[in-house]
Amino acid sequence: MDKRILKTKKNLKQTLLKMMDEKPFEKIGVTELCNRAETSRITFYTYYGDKYELLQELYQDMQAEMEERFNELQKGNNPGDDALRSYHNLVQAVIEKYDKHMDFFKHMKPIESQELWSTYYNFALKHLEEFKDTYNDRIAMRYPSKQICVSLLLGFWGFLMTGYSEGADPRQLERDAMHLIDDMIESGVYFEKTKK
């Protein structure tokens, strides 16, 4: 992609994040966004159909980063492709991206921004479903995917956001979150090993 296009898109995304510090996503208009980003509406609509497509691209950017980190973790500590270790690596990649993109995720409050939450939920559910499809011969989910997804999202969101709001050290918070997920994996609360 042309460097000018990448620069324009990056500017729009950064401007959107700054504006979300001032008001909910739902109340941000394209005209206002373009004015703040010093970008024409024509340029905006050249790349995006609406602000929701811009939001989707933000998620896609994070997804690409997360998948790259997941693959690094798999290569580094899971050469045998153990299913539960893979899940651990997936969650670790998500937590690391959560920390890196706190400027975005701090707005992820189901009551305050249903649009952001809904988009994030669908993003996470897609990954959980892909994980289930990949490892369905080695582990079984104890509960329906949607219920597990909501439990994980609300639980981790609350765990991380509370830690951040109380000034916890981000590295320690990340370690604590991974201990929590390890405890849940080992307890079998979400998954159980199948015949393999």
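## Contacts of V91

Apart from residues up to four places away in sequence, V91 touches F156, M178 and I181. The model is a predicted one. V91 is a residue of helix 5, which spans residues 83–100. Is V91 buried or exposed? V91 is buried, because its relative accessible area is 10%, and the cut-off for buried is under 20%.

## Nonpolar core

The largest nonpolar core contains 61 residues. Within this core, the residues with the most contacts are Y87, F104, M108, Y120, I181 and F191. I181, listed here, is also one of the residues that V91 touches. The element that gives the most to the core is helix 7 (residues 114–135), with 10 residues.

Which residues are in contact with F191, leaving aside its neighbours within four places in sequence? They are L84, Y87, L128, F131, I139, A140, M141 and R142. Y87, among these partners of F191, is itself in the group with the most contacts inside the core.

## Helix 2 and its cover

Helix 2 covers residues 30–37, and its buried residues are V30, L33, C34 and A37. These residues lie on the same side of helix 2 because they cover an arc of only 95 degrees around the axis. The cover over the buried residues of helix 2 includes helix 1 (3–20), helix 3 (41–47) and helix 4 (51–77).

Just after helix 2 comes E38, whose phi is positive, at about 55 degrees.

## The chain as a whole

The chain has 9 helices and 2 strands. Read from the N terminus, the order of elements is α-α-α-α-α-α-α-β-α-α-β. Along the principal axes, the C-alpha atoms fill a box of roughly 60 × 40 × 30 Å. Of the 196 residues, 44% count as buried. Of the contacts between residues at least 6 apart in sequence, 67% join residues at least 24 apart.

## Surface and charge

The accessible surface of the chain is about 11000 Å². Carbon and sulfur atoms account for 51% of that surface.

Conventions:
Residues numbered from 1 in each chain as written. Predicted model: local features only at pLDDT ≥ 70, side-chain atom pairs only at ≥ 80, totals over all residues. Heavy atoms only, no water. Helix = DSSP H or I, 4+ residues; strand = E, 2+ residues; numbered from the N terminus. Buried < 20%, exposed > 50% of the residue type's maximum accessible area, 1.4 Å probe, protein only. Contact = heavy atoms within 4.5 Å. Areas by Shrake-Rupley, 256 points an atom, 1.4 Å probe, with all protein chains shown as cover. Arc of directions from axis to C-beta. Core = buried A, V, L, I, M, F, W, Y, C linked by side-chain atoms within 4.5 Å.
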